[in-house]
Amino acid sequence: MKTVVIKCGGSVLEELSEQFFTSLQELMDDGYSPVIVHGGGPAINKMLDLYGIPAQFVDGLRVTCEKTMEVVEMVLSGKTNRQLCSLMKNNGFLSLGINGSDGLCLQAEYIDKQKLGYVGEIRDVNTRLIGMVIENGYIPVITPIGIAEDGSRLNINGDYAAASIAKAMKAGHCAFVTNVDGILIGGKLISELNESEAENHISDGSIHGGMVPKVQSALSAAAAGAGKVMIISGKKPFYKNNSWHGTAIVAAEGELR
Ligand SMILES: Nc1ncnc2c1ncn2[C@@H]1O[C@H](COP(=O)(O)OP(=O)(O)OP(=O)(O)O)[C@@H](O)[C@H]1O
Ligand SMILES: [Mg+2]
């Protein structure tokens, strides 16, 4: 089974274009089965604000107390996932929403309970469950919430979740859909980025904020052997006639996969 893992950023969910879905269809016509993972940063912040819970980040990760975790799950699983599934339906795709804690889909462990609270990293992915959904003709739309051994649900960064799922599924390609055209350096879109260039741009601050975990995740998906790893815009076509638009992330200098 040839899969393509697509992480759909919360930043662009409201703005996904018709061309985005045309590109998705074209990938499917070329024989790829999509697995979608979504984010939802802006919607979570809005709801935390309504509840008067301050949003706090350490190393780009959201510090997640019990109350925050409740809000994260309510928003991601109850709202964002639903919103994306109905967008898929309206554009002619049959999807199935999955909370990552369902059916032990995303098995996770705490990163640092003291420092970050209910924040996890993926230890194992139930590829059999995801495969079963695909084989039955549905596109899985996965909420990045993991299940810990103690049964707690853990908040997982959507970009990291997508990379872990891509590795576990041995995905052919992995795309990170966001609200910009790709990686911009000095205002210009760059077509390709390798590991050492990424490190330099992160340390000089030209890649910052939410783009840092995205680039790190993309690099780890590329190192694991995904064919094309792309950072792309959800507002434009991203795949046409077998070619991709956006920034390609490559595992090592000069290495084309
Ligand atoms: N060099 C860069 N090129 C492009 N965007 C960058 C760069 N450095 C930082 N960014 C920021 O990264 C943002 C995308 O990451 P962000 O985490 O905000 O969105 P997302 O991952 O698509 O959504 P979510 O986190 O809700 O899933 C861009 O909107 C931009 O502001
Ligand atoms: Mg993000």
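1. Which side chain has an N or O atom 2.5 Å from an oxygen atom of ligand 1? Please bear in mind that this is a predicted model. The side chain in question is that of Lys214, where an N or O atom lies 2.5 Å from a ligand oxygen.

2. The backbone takes part as well. A polar backbone atom of Gly10 is 3.0 Å from an oxygen atom of ligand 1. At Ser206, a backbone N or O atom lies 2.7 Å from a nitrogen atom of the ligand. As for cover, ligand 1 on its own has 640 Å² of accessible area, and the protein covers 78% of it.

3. Now to the shell around the ligand. There are 21 residues around ligand 1, and those that come nearest are Lys7, Ser11, Thr178, Asn179 and Lys214. By class, the shell holds twelve polar, seven nonpolar and two charged residues. Three elements, α2 (41-51), β11 (173-178) and α8 (211-223), each give at least two residues to this shell.

4. The lining of the largest pocket draws at least two residues from each of α2, β4 (61-62), α6 (158-169) and α8. Helix α2 has the largest share, with four residues. Sorted by class, the lining has 16 polar, eleven nonpolar and four charged residues.

5. Please look at the second largest pocket too, which has about 240 Å³ of space. It is lined by 13 residues, and Glu14, Pro42, Ala43, Lys46 and Lys79 are the closest to its centre. Six of the lining residues are nonpolar, four are polar and three are charged.

6. Which element gives the largest share of the lining of the second largest pocket? Helix α2 does, with five residues. Both α2 and α3 (66-90) supply at least two residues of this lining. Helix α2 also has the largest share of the lining of the largest pocket, and it supplies at least two residues of the shell around ligand 1.

7. A last point concerns the two ends of helix α7 (residues 195-203). At its start, a side-chain oxygen of Asn194 reaches to within 3.1 Å of the backbone nitrogen of Ser196. After the helix comes Gly205, with a positive phi near 85°.

Conventions:
Residues numbered from 1 in each chain as written. Chains lettered and ligands numbered in written order. Predicted model: local features only at pLDDT ≥ 70, side-chain atom pairs only at ≥ 80, totals over all residues. Heavy atoms only, no water. Near = heavy atom within 4 Å. Polar contact = N/O pair within 3.5 Å; in protein donor to acceptor, adjacent residues only side chain to side chain. Areas by Shrake-Rupley, 256 points an atom, 1.4 Å probe, with all protein chains shown as cover. Nonpolar A, V, L, I, M, F, W, Y, C, P; charged D, E, K, R; others polar. 1 Å grid on protein atoms, 1.4 Å probe; cavity = no way out; pocket = protein on both sides within 12 Å on 5 of 7 lines; lining within 4 Å. Points joined across faces, edges and corners; volume = space filled by probe spheres on them.
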